[in-house]
Amino acid sequence: MTLRQVLRLMIREASGFEGTGVMPLQGGEATAPFTAQQTAVARQPVKTARDHYKDKVDHVAQKVAKRLGLMEIRYIARSKRDMGAVAYSAIGPNYMNVIVKLAPEHELTGYSKIEEIKQTLPPEVAKHFPVVYRLTNLKKLGIEWPKETPYEVDVNLGVIVMEPLEEIPQQIFDLIKFAPGADDFVLETFLKDPVLLNDLIEQSLVSRAVTQSVEKFLSTAKPDYDLADIEQVKTAIKEKLMLLSNFMYPRFEPSMFNRADLKKVSQRIKLLKPNIERLVQKALRGFDPGIELISDIVQEISRDFSETLSNQARGIPKEPSMGQQFGVMSNSRLLTSIKNAIKYMTEHGIFVSDLHGNNFMLRPASGDIVIADLGHFELEQNLPNASGSI
């Protein structure tokens with residue numbers, strides 16, 4: 001056999017599966033050729049149980065639309081949970097745009113209970129709930145779950161038809177989800193908001209650690225100090241720290257996040273520390289004790305303030321009914337209304353939970369932040385009349 005013949009044989013064997021559709025086997029035998037259709041199927045990604053569930057919900061959604069007289073139903077989003085809610089846009093019989101959510105049936109309970117009491121709530125609270133047009137389920141609509149086998153568990157999804165809402169802007173999402181020290185945009189927003197900055201400075205100055213640092217400073221600078229002197233020093237420090245609002249916080253480029261030293265909250269807070277120390281030092285110099293007497297005190301106070309900033313909770317807690325705290329960003333102008341509404345609910349027997357960023361949406365006509373998923377809301381058995389003002 002010549003060299004050319006050997007090369008031809010090697011090429012033919014190497015290209016047998018993809019080129020001719022023949023897979024060589026041991027012993028020189030070959031399988032039957034693959035058809036083009038078989039090859040295409042083999043290359044398709046394998047569908048997961050989550051994908052099969054979505055396909056069935058899509059099939060059911062078309063039937064729901066037909067039963068309710070909806071037109072042009074289209075998939076828009078789905079829950080991250082494997083068997084969670086799936087949302088569609090549609091046009092109602094009166095040509096009004098609506099959202100159709102197909103969710104686990106037990107989630108209808110929260111929507112139903114809120115609908116029962118919505119009229120008793122103050123308008124400032126009620127506006128943060130979606131307008132719901134219809135609550136029902138597949139069985140009531142006479143729609144069966146598409147089973148692949150007789151042994152498959154029957155699924156009776158809840159059907160929620162509600163007003164169309166939009167995703168909240170990324171900035172509001174960040175304010176809800178992150179504490180100042182954990183996000184570039186949130187920290188910059190915090191530093192530029194004098195009300196938020198003032199509140200957090202006051203929160204830090206009343207701590208025992210700062211009081212001890214001030215007393216330590218005064219014991220040397222003015223041995224006969226009294227309570228008024230302590231407050232005077234704290235006022236001076238507060239006035240200087242308010243100048244942090246002039247600090248030009250360096251917004252990170254995306255590529256900078258690859259640096260390990262910029263991913264941690266503590267490292268980002270460290271960017272502020274030199275400015276905090278400089279301002280605290282300037283405040284204490286007003287008492288003229290000599291720079292050598294205040295360097296340690298400056299570091300103690302600046303460290304305490306930095307820790308107060310870095311330990312802030314997220315703006316809107318995910319589980320406020322379980323005692324999770326509102327962070328300083330909840331007092332921002334964009335979140336004040338929704339924060340007050342959530343506090344009102346938790347104080348009046350409405351158990352609010354699962355408030356992650358994706359469960360908030362925007363009512364475009366008014367700009368109100370709306371809690372779009374009420375599936376995990378519960379009410380006290382004997383809910384008092386919740387009317388009144390917040």
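**View 1. The side chains of arginine 208 and glutamate 215 form a salt bridge, with 3.9 Å from N to O.** A salt bridge here is a side-chain nitrogen of Lys or Arg within 4 Å of a carboxyl oxygen of Asp or Glu. This is a predicted model, in which local features need pLDDT of at least 70 and side-chain atom pairs count only at pLDDT 80 or more, while totals for chains, interfaces and linings use all residues. Residues are numbered from 1 along each chain as its sequence is written, and side-chain values use heavy atoms, with hydrogens and water left out. Arginine 208 counts as exposed, at 52% relative accessibility, whereas glutamate 215 is partly exposed at 23%. Buried means under 20% relative accessible area, exposed means over 50%, and partly exposed lies in between (1.4 Å probe, protein chains only).

**View 2. Lysine 216 and glutamate 300 meet through their side chains in a salt bridge of 3.4 Å, N to O.** Lysine 216 belongs to helix 10 (residues 208–221) and glutamate 300 to helix 13 (residues 295–310), so this pair links distant parts of the chain, 84 residues apart. Helices (H or I, at least four residues) and strands (E, at least two) are DSSP runs, numbered from the N terminus. Both partners are partly exposed: lysine 216 has a relative accessible area of 44%, and glutamate 300 has 24%.

**View 3. A salt bridge of 2.5 Å, N to O, joins the side chains of glutamate 202 and lysine 238.** Glutamate 202 is in helix 9 (residues 194–205) and lysine 238 in helix 11 (residues 227–241), so the pair ties together parts that are 36 residues apart in sequence. Glutamate 202 is partly exposed at 35% relative accessible area, and lysine 238 is also partly exposed, at 21%. The structure holds 12 salt bridges.

**View 4. Helix 9 packs against helix 13 at an angle of about 120°, with the axes 9 Å apart.** Axes are lines fitted to C-alpha atoms, for helices over the stretch in contact, and angles run from 0 to 180 degrees between N-to-C directions. The two helices are therefore oblique to each other; angles under 35 degrees count as roughly parallel, over 145 as roughly antiparallel, 65 to 115 as roughly perpendicular and the rest as oblique. Leu197, Leu200, Ile201, Gln203 and Ser204 of helix 9 make the contact with Asp304, Phe305, Thr308 and Leu309 of helix 13. Contact means heavy atoms within 4.5 Å. By class, the residues of this contact are 5 nonpolar, 3 polar and 1 charged. Ala, Val, Leu, Ile, Met, Phe, Trp, Tyr, Cys and Pro count as nonpolar, Asp, Glu, Lys and Arg as charged, and the others, Gly among them, as polar.

**View 5. Glycine 315 sits in the loop between helix 13 and helix 14 (336–347).** Glycine 315 is buried, with a relative accessible area of 0%. Its C-alpha atom is separated by 6.0 Å from that of leucine 175, 140 residues apart along the chain. Apart from neighbours within four places in sequence, glycine 315 is in contact with Leu175, Ile176, Phe178, Phe326, Gly327, Met329 and Ser330.

**View 6. The whole protein has 14 helices and 10 strands.** Of its 390 residues, 41% count as buried. Among contacts with a separation of 6 or more, 63% are between residues 24 or more positions apart.
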